[in-house]
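Please read the following note with the model open beside it. The points move from single residues to the protein as a whole.

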Amino acid sequence: MKKGLLLLALATVLLLLNGCASQTADPLLKNEATDAPGLAMNLPPALVGSDEAGIAKVTLYYRYLDEPMLAGEARDLTVPKDESVEFAIVQALTESPSAGHSDLRRLLPAGTQVESVVSRGNTLFVTFNSGFLDDGIPTQWADDPQWKTEAPLKRWLIVQSIVASVTEYHPYTGIQILVHRIDEDQNSLRLDNAYFLNGATGLSEPIARDETVLLTAGNTAEMILLAWQQRDDERLYRYVMDDGKPPLASFSENLQNRAGLKDFSVSGGSVSVSGTDAVVTVSLKIPGPNGEISVITYPLALIRDNGIWKITYSALQALMEL
């Protein structure tokens, strides 16, 4: 009898201790202090529908060299049964691209940790630790001519790498970025608009996918033509396939007598069934020797090279000889 009473007392003590133990606050629940209009109140996790680890075919977006654009890497992610594909995607973006994609650059800062990824209706809430903000942009960025352009661009590309990668997998209409600063008392975890360095204030809303920063076939054609128009050979060189391409110095020398490009426009283009080739219709305004302007509609052929749309060197030469 005494032994039974002793066991009962020990069980009661354990229950009390567990009840008094401190619990880590859910960052998303803390964010409820700030209204997010139009969102459903249920918070279902987006989990892999299997009792075992699954394989998810995804596209991860990283920066292409130091260009103002994002390019995709196709990846097979192993997703544990208790983890969502969305979490696995964002987690993968905190790491470097695969070894075979040396032209891609990770954007999320090295100290970034993914604390939670939760869906609510058509919006995905992604909570990072404060390392998300440690991206190396100097405090006096606006006083430096290079950083004045690079700083807001880099911040937008960081966020869009997340948005583009997630929405490539699932059609969320917006991604809400939350930042959990463990040593601060926050009224809301929502990313402040000041983060974007564009003069905006207040708390950010869910961020939609921005196709203008993705290296689609059409956007790649625009980058090629813009580099031609500006005679920026170093940038143009990055969008030419390696096969048959001369060294940069010879490349520039060979194109010295190219025609000028006064203006251009680009259609959306079409991609082949195989996904390896694309044709983008471009309209070119090329000044002639007597000042007249030739308007040419031209089907610009591109080839997907390790995930990046590029033009062959011979096709580029033919384009500039129109």
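**Notes on the predicted model**

1. T94 sits in the loop that runs between α3 (85–93) and β3 (104–105). Because its relative accessibility is 9%, and buried means under 20%, T94 counts as buried.

2. A polar atom of the T94 side chain lies 2.5 Å from the backbone oxygen of Q91. When residues up to four places away in sequence are not counted, T94 touches R106, L108, T112 and V114.

3. Is P246 buried or exposed? With a relative accessibility of 14%, P246 counts as buried, because the cut-off for that class is under 20%.

4. Which residues is P246 in contact with, once neighbours within four places in sequence are left aside? They are Y237, F251, N254 and Y313.

5. The next topic is the nonpolar core. In soluble globular proteins, nonpolar side chains tend to be buried together. The largest nonpolar core here has 77 residues, and those touching the most other members are F128, F132, I162, I175, L284 and L316. For L316, the contacts beyond its neighbours within four places in sequence are I224, L236, V240, F251, L255 and I311.

6. At least two lining residues come from each of β1 (54–64), β2 (70–79), α5 (217–229) and β8 (270–271). By type, the lining of the largest pocket divides into seven nonpolar, eight polar and four charged residues.

7. Finally, I turn to the whole protein. Eight helices and eleven strands are present. The protein has 322 residues, of which 43% are buried. Among contacts with a separation of 6 or more, 62% are between residues 24 or more positions apart.

Terms used. Residues are numbered from 1 along each chain as its sequence is written. This is a predicted model: local features need pLDDT of at least 70, side-chain atom pairs count only at pLDDT 80 or more; totals for chains, interfaces and linings use all residues. Side-chain values use heavy atoms; hydrogens and water are left out. Helices (H or I, at least four residues) and strands (E, at least two) are DSSP runs, numbered from the N terminus. Ala, Val, Leu, Ile, Met, Phe, Trp, Tyr, Cys and Pro count as nonpolar, Asp, Glu, Lys and Arg as charged, and the others, Gly among them, as polar. Buried means under 20% relative accessible area, exposed over 50%, partly exposed in between (1.4 Å probe, protein chains only). A polar contact is a pair of N or O atoms within 3.5 Å; within protein, one must be able to donate a hydrogen and the other to accept it, and residues adjacent in sequence count only if both atoms are side-chain atoms. Contact means heavy atoms within 4.5 Å. A nonpolar core is a set of buried Ala, Val, Leu, Ile, Met, Phe, Trp, Tyr and Cys residues joined through side-chain atoms within 4.5 Å.
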